[in-house]
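Dear colleague,

Please find the structure below, handed over for your studies. The notes that follow it set out what was found, and I would ask you to read them with the model open beside you.

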Amino acid sequence: MRRHLSTVSKHVPSSGVYPLGFLVASTTAGLKKTAAPDMALVVSDRDCAGAAVFTRNAFAAAPVLVGREVIKTSGAAMRAVLVNAGCANACTGVQGIADTRTAIAKTAASLGLKSTGSTLMLSTGVIGVPLKMDRIEKGIDALSASVTKSSTASHEDWLAAATAIMTTDTFPKLRSKEFSVNGKVYRIAGWSKGAGMIHPNMATMLAGIFTDAAVSKPCLQAALSHAVERSFNAISVDGDTSTNDTLVVLANGAAGTKLIDDIKSSEFAQFQDNLTEFAAELAGLVVRDGEGATKFLDIQIENARTFEEGKAVATAIAKSPLVKTAMFGQDANWGRIVCAVGYSGVDIEPTKVNLWMESKNEIVHLFKDGAPHQVFDQADKDKAKRILAGEDIVIRVDLRLGKVKAQMFTCDLSFDYVKINIDYT
């Protein structure tokens, strides 16, 4: 039995506020062994600015290779995102690329779109297996028929799509909200998928974010690049970087407001902040559903010289199997955390380093100015035990080297992570 964070239902929304102009559908095409829904489609009723960030794994999957081309050549006139689960279409050679192009062309034709470059395909699942194109094409027919019959997308439609893209996930990861930029109201929605093989750059992870704000392609890509370093490139489950990671954002302007096209404007800054906050929430759901996870770890680095140095320290802690297993065992072994800080590659001044563990209600200062602190008194030991018994744990490290903060989300490493991954294929 898979063990994961308590009662996942609390992370699944029962309602939402969704962007104007987008239609959503999902279907079962027979790509998963379980006969569960396995394909989804999001379509805009007008051209969108599109931006994306892809895996840096050298064995990038066919949909990633084709997707990079699509974003580069057609990112200002995007219309649709097609997703399949059950097959990653990775390490499948020229046939995999041809199959991706065929699926994209069929989707565009089925929707009556003028250009095949208006559609992006995302795939997730087992590596090294070709797509079953007969099933993919039947799935595209069903998805296209569904969206062409619809005039609006309901919360149930969005949730079904988030469910269809799951693999080892235990719950669908969906969020939506309204936000304001200089008094103008916009809507944003998104789903993410992933539970294992998660680590930057990027963390098998897929995510799509959709907004009715009007944003130029250059501004959208700039905002996304900023956001991803503080969200999907700031999570780790097991330290493995996937072949398929893709985060795509589409902005269709259906809210009817002025185009955000100046990267130096206050409108752009506000949009970027909202996108970053939203992406971080979606990314956090991936960690909460980490394979075998029982703890959600929020690693906060304070007073680094630069963001890059702070991120390096946070990554070293997040990636440490010794830290992660200590958190699973509810062992306040601060020495493992300090050790990770020391080998992070950042020029540390040990006598300046401070370390705390925190929960919502309690805090214990374990390491002060390079020496043990609050670790010998029984009351403090009891406090640390209570903190580590909870689901959400903050590990906060003050480097006292500068004024910059960095943050990373990770989870513990449990017995069940091994059980899940010993017979995946």
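This is a predicted model: local features need pLDDT of at least 70, side-chain atom pairs count only at pLDDT 80 or more; totals for chains, interfaces and linings use all residues.

The side chain of Arg288 forms a salt bridge with that of Asp392, with 2.5 Å between N and O. Asp392 is partly exposed, its relative accessible area being 35%.

A second salt bridge joins the side chains of Glu391 and Lys10, at 3.5 Å from N to O. Lys10, Arg288, Glu391 and Asp392 are linked in a network of salt bridges.

According to the domain assignment, the chain has domain 1 (8-288) and domain 2 (296-422). Their centres, taken over C-alpha atoms, are 32 Å apart. Where the domains meet, 17 residues of domain 1 are in contact with 15 residues of domain 2.

How much area do domain 1 and domain 2 bury between them? The value is about 1,300 Å², and 57% of it lies on carbon and sulfur atoms. On the side of domain 1, the residues that lose the most area to domain 2 are Ala234, Val287 and Arg288, which together account for 32% of what that side buries. The size of an interface is often expressed in this way, as the accessible area lost when the parts come together.

The interface of domain 1 and domain 2 is also crossed by 4 salt bridges. In the whole structure, the search finds 21 salt bridges.

**Two further salt bridges**

In one of them, Glu178 pairs with Arg187, and their closest N and O atoms are 3.9 Å apart. Glu178 is partly exposed, with a relative accessible area of 47%, whereas Arg187 counts as buried at 15% relative accessibility.

In the other, the side chains of Asp416 and Lys419 meet at 3.6 Å, N to O. Why are Asp416 and Lys419 separated by about one helical turn? The reason is that they are 3 residues apart in helix H11 (residues 415-421). An α-helix has 3.6 residues a turn, so residues three or four places apart point the same way. Asp416 counts as buried at 9% relative accessibility, while Lys419 counts as exposed at 53%.

**The buried side of helix H9**

Helix H9 (residues 334-342) has Ile337, Ala340 and Val341 among its residues, and these three are buried. They cover an arc of only 105° around the axis, so they sit on the same side of H9. What covers the buried residues of H9? The cover includes helix H7 (307-319), helix H8 (321-328), strand S11 (354-358) and strand S14 (392-398).

Thr119 is found in strand S4 (residues 119-126). With a relative accessible area of 0%, Thr119 is buried. Apart from neighbours within four places in sequence, Thr119 is in contact with Val70, Met78, Ala80, Ile104, Thr107, Ala108 and Leu113.

Ile235 lies in strand S8 (residues 235-236). Ile235 also counts as buried, at 0% relative accessibility. Between the C-alpha atoms of Ile235 and Gln330 there are 21 Å, and the two residues are 95 apart along the chain.

**The cysteines**

How many disulfides does the structure hold? The count is 0. Cys87 is in no disulfide, and the nearest cysteine sulfur, that of Cys91, lies 11 Å away. Cys91 is likewise in no disulfide, with the sulfur of Cys87 as the nearest, 11 Å away. A disulfide would need the two sulfur atoms to be within 2.5 Å. Cys87 counts as buried, at 5% relative accessibility, whereas Cys91 counts as partly exposed, at 46%.

With kind regards

Terms used. Residues are numbered from 1 along each chain as its sequence is written. Side-chain values use heavy atoms; hydrogens and water are left out. Buried means under 20% relative accessible area, exposed over 50%, partly exposed in between (1.4 Å probe, protein chains only). Helices (H or I, at least four residues) and strands (E, at least two) are DSSP runs, numbered from the N terminus. The arc is that of the directions from the helix axis to the C-beta atoms. Contact means heavy atoms within 4.5 Å. Domain bounds come from an automatic or database domain assignment. Buried area is the accessible area (1.4 Å probe) that two parts lose on being put together, summed over both.
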